[in-house]
Amino acid sequence: MRIKVLGSAAGGGFPQWNCNCPNCSAIRTGVFKGPPRSQAQVAISPKPSTWFLLNASPDLRLQLNSDPELQPSSGSADSPISTILLTSADVDCVMGLLHLREFHPLHIFSTPAVRRILTEENSIFRVLLRSNPPVRWENFLLDHLTSVLPPSAPGAKDGLFCKAVPLLGNFPDFVGDALRQSLSPEEAVVGLEFIHKEKRLLYAPSLPGVGDSWHRALEESDLALLDGTFWDDDELVAAGRSHKSARKMGHLPLCGAHGLLRQPFHIGKTKTRKVLIHFNNTNPVLNEDSPEHLAVREAGFEIAYDGMELEL
Ligand SMILES: [Zn+2]
């Protein structure tokens, strides 16, 4: 399976339009050691000319337009993309659905709660119903395998299966109280565990770090794309950008005694390749000359960048 990182930043991208933190300021003036980044977007391909989008970023139109493999190649409407799998209803994860609305029949997988947030409370997403056939929603049943691409023959291993792993995060702030009270909290944020040809990929760009289901999913995986949003728990508070800690925002920070880098992973039969993604623009890891960047590499993690390609 091929995996493309089309975008590697958290919401706002890097640099962020209204931010003048040391990172954003330095990259604008051309003195930053590291590339700019668009908002997190991953595409996976289990077979040629077939791509699945993991979430739909606010930068999706530009991301698709900059990669010929993701564009129509013959005929008038033969996009290699028809399926999107969502990890949450966060703006960063769903806004790109509106870029895909051009009367293209779409197939969207999400938890029932995420689907209800988008279809019952946010009427703008009804624009997806205009295609013929209209958007087709499919529910993830938590911790159950869902067939995303059937195998080519009975018993063949070339299908694509996905398991939604509940990560116990929060629903976005914009969800109204009445709807929120009727939703199952386990369906707010999920990690996506893919199985293809007996290899496993875990995608968890938001990792609240609560409970142990994500440890299990990580240990099972051959490759994991994990939440690299914040270095410090109080990163946004120190930058004067929020009163919320990283953990309160649903992101396990990288540093600290209980941060992601120090988690006591039990390595299973295969050593998991761990790649961080979804970096906030304030994260010092983005600076390739920083001690934090070095610390991440020394802890055995790779750092995703726009245009990174991975193979599984
Ligand atoms: Zn910034």
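Reader: Which side chains does Asp67 meet in a salt bridge?

Author: As a general idea, side chains of opposite charge can pair when their charged atoms come close. In this predicted model, the side chain of Asp67 meets that of Lys4 in a salt bridge, at 2.7 Å from N to O. The pair links distant parts of the chain, since Asp67 sits in the loop between α2 and β4 while Lys4 belongs to strand β1, 63 residues apart.

Reader: Are Asp67 and Lys4 buried or exposed?

Author: Both Asp67 and Lys4 are buried. Salt bridges with shared partners also join Arg2, Lys4, Asp67, Glu69 and Glu309 into one network.

Reader: How many salt bridges does a search of the whole structure find?

Author: The search finds 16. Another of them pairs Lys33 with Asp289, whose closest N and O atoms are 3.6 Å apart. Lys33 lies in the loop between α1 and β2 and Asp289 in the loop between β12 and α8, so this pair ties together parts that are 256 residues apart in sequence. Lys33 is partly exposed, with a relative accessible area of 41%, and Asp289 is exposed, at 57%.

Reader: What is the nearest side chain of opposite charge to Glu235, which is buried yet has no salt bridge?

Author: That side chain is Arg241, 9.7 Å away, whereas a salt bridge needs a nitrogen and an oxygen within 4 Å. Glu235 lies in helix α7, and its side chain reaches the backbone nitrogen of Asn283 at 3.0 Å. Leaving out residues up to four places away in sequence, Glu235 touches Thr229, Phe230, Thr282, Asn283 and Pro284.

Reader: How many residues does the largest nonpolar core have?

Author: This core has 64 residues, and those with the most contacts inside it include Ile84, Leu118 and Val296. Helix α4 gives the most to this core, with four residues. Apart from it lies another core, of 29 residues, among them Phe109, Leu223, Leu225 and Ile277.

Terms used:
Residues are numbered from 1 along each chain as its sequence is written. This is a predicted model: local features need pLDDT of at least 70, side-chain atom pairs count only at pLDDT 80 or more; totals for chains, interfaces and linings use all residues. Side-chain values use heavy atoms; hydrogens and water are left out. A nonpolar core is a set of buried Ala, Val, Leu, Ile, Met, Phe, Trp, Tyr and Cys residues joined through side-chain atoms within 4.5 Å. Buried means under 20% relative accessible area, exposed over 50%, partly exposed in between (1.4 Å probe, protein chains only). Helices (H or I, at least four residues) and strands (E, at least two) are DSSP runs, numbered from the N terminus. Lys and Arg count as positive and Asp and Glu as negative; His and the chain ends are not counted. A polar contact is a pair of N or O atoms within 3.5 Å; within protein, one must be able to donate a hydrogen and the other to accept it, and residues adjacent in sequence count only if both atoms are side-chain atoms. Contact means heavy atoms within 4.5 Å.
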